[in-house]
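Hello,

Here is the structure I promised to pass on to you. Have a look at it first, and then read my notes below.

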Amino acid sequence: MQIVHFFLGLIWYLVSIFQVNAADYNITLSHDGPVVLGGTITFKVDIYKENGERPSGTFKYTWRDNALPPHEYNSEETSNTTTYWSVNYPRKNYSVGMYEVEVFVSKWFSLWWVVVTSDRSRFYVTEFLHGDIEIIQSNKTLESTYVSSASEANVTIHIREGDMDFLTKATTTSTYWFIDCKYYGQMDNLNFLYNFTNSDTSHIVEALVIASWDPPTTISPLITTVPLVTTVPNTTISNNITEGVITTIMPNSNVSLKPILTSVPTPITLNTAPNTTMANINIPLPYVCSNTSIIPLDPNKTYGHFTKKIDVRAPIMNITVEGTNWIQPWDMLSLNVTCKGSGPFHKCLYYHRGKYNITGNETCESGIHLQSCNFSIIHYFLEPSVYTILVILKNDVSKQVYPLTINIYKVLIKPQLSVIVVPVSCSLAAIVLIVFGIAYYVQSKARFTVEVADFDFGQNNPEMEYKTFTERLRGSFNNAIRPGNNRISGYKHLSNPETLQ
């Protein structure tokens with residue numbers, strides 16, 4: 001009895017452990033649907049722990065859908081926490097509609113496999129190919145609806161991978177292109193080249209892909225299968241619709257050309273491209289220009305209808321800068337920038353000291369919004385140097401990086417001409433006056449005869465030894481007024497007491 005209780009307790013303990021471990025797992029189930037009838041859909045499952053980490057151990061995945069007949073798959077033992085399952089739904093065995101798939105994840109716990117988590121998801125199997133239209137310009141896929149008017153656009157249909165694998169097995173595949181409900185021709189591939197030259201306009205691009213799995217028809221010399229649109233220069237072609245088949249009859253010929261599409265009693269009249277030589281072409285195509293309810297579908301063909309609205313914009317070009325880029329420190333830089341292109345615009349200005357080399361990685365994330373490309377650049381530079389103002393302009397289809405080199409120069413103060421001429425002139429005049437003065441002095445000195453008195457101070461004069469200064473002075477005056485000396489007249493000798501006559 002105790003052994004029974006022991007085993008029951010052990011079983012309860014193990015079950016409780018497994019329940020706790022199972023509750024610790026999260027699962028994510030996804031797919032790349034919807035899928036066209038006959039195509040392949042791929043499912044993906046990821047398992048995680050509650051903390052977001054990947055679990056470790058050995059797992060098995062069990063897949064099952066609710067289709068009739070159902071698809072089931074049991075994977076091998078693996079340690080991968082991500083696994084895929086691809087399922088095909090052939091046209092002959094399945095029909096369009098909504099289906100459901102579920103997956104069970106089991107983990108090995110030493111003794112047996114335990115289902116730790118599961119999930120289910122719904123998906124659609126449809127009649128039509130799935131994908132979208134992409135615009136490629138300058139080898140770059142556009143992420144928006146804006147198309148440049150300055151370059152050729154490569155309009156490409158991108159079909160999901162599972163549908164594309166199915167489409168490559170078709171006997172014939174034709175693509176019909178329309179712009180604003182105007183027919184632009186048939187292509188055997190999924191590409192269409194066109195120039196949208198009118199800026200600031202919008203267009204609707206439509207493409208109808210028709211794939212046929214009919215076996216190739218043996219072509220007789222008199223019967224040829226051709227596309228719907230046939231251009232025959234200088235030939236009048238009449239189109240007769242009888243019994244659901246378009247038959248094109250050429251004059252003077254018994255050759256009957258049958259297109260790949262069958263007609264209906266009520267055809268749809270479509271406009272032709274300007275360069276098309278055939279007018280009033282009756283082309284019965286389903287889904288084009290919302291004609292979904294008029295044209296019935298051929299059960300032996302698979303269709304794909306793709307539309308895209310595009311907006312044509314002119315890129316930025318002809319950037320013009322007005323104003324001087326040579327200024328002095330503390331002077332105001334004032335420039336006016338204009339350009340051509342479709343608005344709105346975004347403007348960014350970056351200032352760099354020195355010259356700047358464009359790398360192509362410049363971005364303008366938080367630019368100023370402009371409705372027209374006309375703005376001013378006003379700035380003060382304090383130090384003399386070379387600066388670069390990086391102007392980045394963006395609109396919906398282009399980006400322009402325009403470097404402006406600004407030269408801040410320091411003026412060298414030079415003396416005025418008068419400051420140099422006047423001192424030099426005065427100096428020359430003074431030199432001339434001095435030279436003339438010296439010459440005049442020399443000339444004047446040569447005109448006069450100079451008497452030189454020869455005084456013999458070595459002779460003894462006995463009178464001078466006893467005379468005082470006063471006596472000698474009196475004697476000098478007396479000698480000066482001697483008779484016959486006309487220098488001084490009217491004076492009497494000092495020793496003569498007589499008054500002067």
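Which residue stands opposite Lys347 in S27? The residue is Ile368. Before the rest, two words on the ground rules. This is a predicted model, so local features need pLDDT of at least 70 and side-chain atom pairs count only at pLDDT 80 or more, while totals for chains, interfaces and linings use all residues. Residues are numbered from 1 along each chain as its sequence is written, and side-chain values use heavy atoms, with hydrogens and water left out.

Now back to the sheet. Helices (H or I, at least four residues) and strands (E, at least two) are DSSP runs, numbered from the N terminus. Two strands pair if DSSP finds at least two bridges between them. S26 and S27 run antiparallel and are joined by three bridges. They belong to an open sheet of five strands with mixed pairing, in the order S24-S30-S29-S26-S27. Strand S24 (326-327) and strand S27 (368-370) stand at the edges with a single partner strand each, so one side of each has no neighbour in the sheet.

Next, the backbone. There is a cis peptide bond from Gly33 to Pro34, with omega near 5 degrees; Pro34 is in the loop between strand S1 (25-31) and strand S2 (35-36). Another cis peptide bond joins Gly343 and Pro344, with omega about 0 degrees, and Pro344 is in the loop between strand S25 (332-340) and strand S26 (345-353).

The loop between strand S13 (172-179) and strand S14 (182-187) is worth a look too, as it holds Asp180. Asp180 is not a glycine, yet its phi is positive, about 55 degrees. Cys181 lies in the loop between S13 and S14 as well, and its phi is near 65 degrees, again positive in a residue other than glycine. For accessibility, buried means under 20% relative accessible area, exposed over 50% and partly exposed in between (1.4 Å probe, protein chains only). Asp180 counts as partly exposed at 39%, and Cys181 counts as partly exposed at 30%.

On to the aromatic rings. Rings of Phe, Tyr and Trp (its six-membered ring) pair if their centres lie within 6.5 Å; planes under 30 degrees apart count as stacked, over 60 as edge-to-face and the rest as tilted. The count by this rule comes to 22 aromatic pairs. One of them is the tilted pair of Phe178 and Tyr183, with 5.2 Å centre to centre and 45 degrees between the planes. Phe178 is buried at 1% relative accessibility, and Tyr183 is buried at 3%. The ring centres of Trp326 and Tyr409 are 6.3 Å apart with the planes at 50 degrees, so this pair is tilted. The pair links distant parts of the chain, 83 residues apart: Trp326 is in strand S24, and Tyr409 is in the loop between strand S30 (399-408) and H3. Tyr409 is partly exposed, with a relative accessible area of 34%. One aromatic cluster is formed by Phe43, Trp63, Trp85, Tyr89, Tyr94, Tyr99 and Phe123.

Finally, a charge and a ring. A charge sits over a ring if NZ of Lys or CZ of Arg is within 6 Å of the ring centre and within 35 degrees of the ring normal. The charged end of Lys60 sits over the ring of Trp113, 5.2 Å from its centre.

Best wishes
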